Amino acid sequence: MTNGKKIAMISGITGQDGGYLAKFLLEKDYRVLGLYRRGATDTFAKLKEHGILEKIELLDFELLEFSNICRLLRKHQPDEFYNLAAQSFVAASWEEPVYTAQADGMGVLYILEAIREFSPKTRFYQASTSEMFGKVQEVPQTEKTPFYPRSPYGVSKLMAHWMCVNYSESFNVFACSGILFNHESPMRGKEFVTRKITAHFAEIYTGKTNEPLELGNLNAKRDWGFSGDYVEMMWKMLQHDKPDTYVISTGETHSIREFVEEAGKHCDFDLQWEGSEENEIGIDKKTGKTVVRVNPKFYRPAEVEMLIGNPEKARKILNWNAKVDFKSLCRMMILADIERAKKGILV
Ligand code: F7E
């Protein structure tokens, strides 16, 4: 606490959730310390677009450098620490399994250790993930559903999740694990499927490209919510009287194909699917143009076929509900990308 203001540290400040969370906390009059990795390819573009870059105190941070984490915690003694830093792209985790395990598993242990030693009053939020359910053992998934991760990413996040549970039980560290299902927004990185779709369709729609969008598995299903809704839950978890684990989701699931169709509607495409599996294409009947093509390059070595979360516990205990539904989310994203494409700022 400084000048009566609570201090929040956010790692992963340059990412999608970092921006929405920082905005949310600044509106609550927090002092926000944004931790970022120097030399990261990611820039401050999202924070600039939110209009909050000048309001955040940016600090150098390296998740794999234990001494750096210890110094930051000892010096700033934040009231709250939100760990949103990670290698977050599931597909990349098969190419970089060791790095993913270090950053997404060990990195979290470093923070927990630093809190335990140097800032024991800090409340900690860990960005856990529905990827821990992977090959789902129950439908819908709750806090009690057994885990079965299907990627090095999911396995690494599971280690971090259990470390949070263990540190709160063993050392009284206030560590919460938010099992967030997929959450998207116009600030989503373009490697993730929703934004890949909206950014590419916006380019076709505004005449910037004639190339079809190439996708992998169209039939996988996800429970997609809005990042802006989900960051509120991160904060709510840390205001509760005890640390706990919560599933955060909408309770609805939709396929990638449905997302493509929904986004296509806003681009006036009359989509028709032809062929099957790797030969499948999506044609705009009006123009006869192929706008989507399956490319097996985007298939994963092990797929998570279907996720759907039950957010009942969050609803009951923290009085939280997802506000933005699937169609509104898709609309928000495609309209934002069409605007950006028109202005030539679709990055
Ligand atoms: O893939 C399929 C792909 O990369 C979703 C991360 O935030 O949410 C995210 O992980 C689905 C998969 O997200 C393409 O096979 C088809 O089934 O958008 P995604 P994700 O892997 O679900 C969780 C909760 C996290 O924690 C993660 O950090 O879409 N898909 N075609 C494709 N996916 C991508 N990326 N690209 C394609 O061309």
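The points below are grouped by topic.

This is a predicted model, in which local features need pLDDT of at least 70, side-chain atom pairs count only at pLDDT 80 or more, and totals for chains, interfaces and linings use all residues. Residues are numbered from 1 along each chain as its sequence is written, and side-chain values use heavy atoms, with hydrogens and water left out.

**Ligand site**

- Around the ligand there are 24 residues, and Ser 88, Tyr 153, Lys 196, Arg 300 and Glu 303 come nearest (a residue is near if one of its heavy atoms lies within 4 Å).
- A polar backbone atom of Ser 88 is 2.6 Å from an oxygen atom of the ligand.
- A backbone N or O atom of Gly 216 lies 2.8 Å from a ligand nitrogen atom.
- Arg 222 places a polar side-chain atom 2.9 Å from an oxygen atom of the ligand.
- On its own the ligand has 700 Å² of accessible area, and the protein covers 96% of that (Shrake-Rupley method, 1.4 Å probe).
- The shell has ten nonpolar, six polar and eight charged residues (Ala, Val, Leu, Ile, Met, Phe, Trp, Tyr, Cys and Pro are nonpolar; Asp, Glu, Lys and Arg are charged; the others, Gly among them, are polar).

**Four-strand sheet**

- This open sheet runs β8-β15-β14-β13, with mixed pairing (two strands pair if DSSP finds at least two bridges between them).
- β8 and β13 (271-274) each have a single partner strand, so one side of each lacks a neighbour in the sheet.
- β14 (281-284) and β15 (289-294) pair antiparallel over four bridges.
- Ile 283 has Thr 290 in β15 as its bridge partner.
- α6 lies across β8 and β15, at about 160 degrees to β8 (axes are lines fitted to C-alpha atoms, for helices over the stretch in contact; angles run from 0 to 180 degrees between N-to-C directions). Contact means heavy atoms within 4.5 Å.
- α8 (256-265) lies across β8, β13 and β15, at about 145 degrees to β13.

**Seven-strand sheet**

- The order of this open sheet is β3-β2-β1-β4-β5-β6-β11, with parallel pairing.
- β3 (57-60) and β11 (245-248) are the edge strands, each pairing on one side only.
- β1 (7-11) and β4 (80-83) pair in parallel over four bridges.
- Asn 83 in β4 is the bridge partner of Ser 11.
- α7 (227-239) lies across β4, β5, β6 and β11, at about 140 degrees to β4.

Methods. A polar contact is a pair of N or O atoms within 3.5 Å; within protein, one must be able to donate a hydrogen and the other to accept it, and residues adjacent in sequence count only if both atoms are side-chain atoms. Helices (H or I, at least four residues) and strands (E, at least two) are DSSP runs, numbered from the N terminus.
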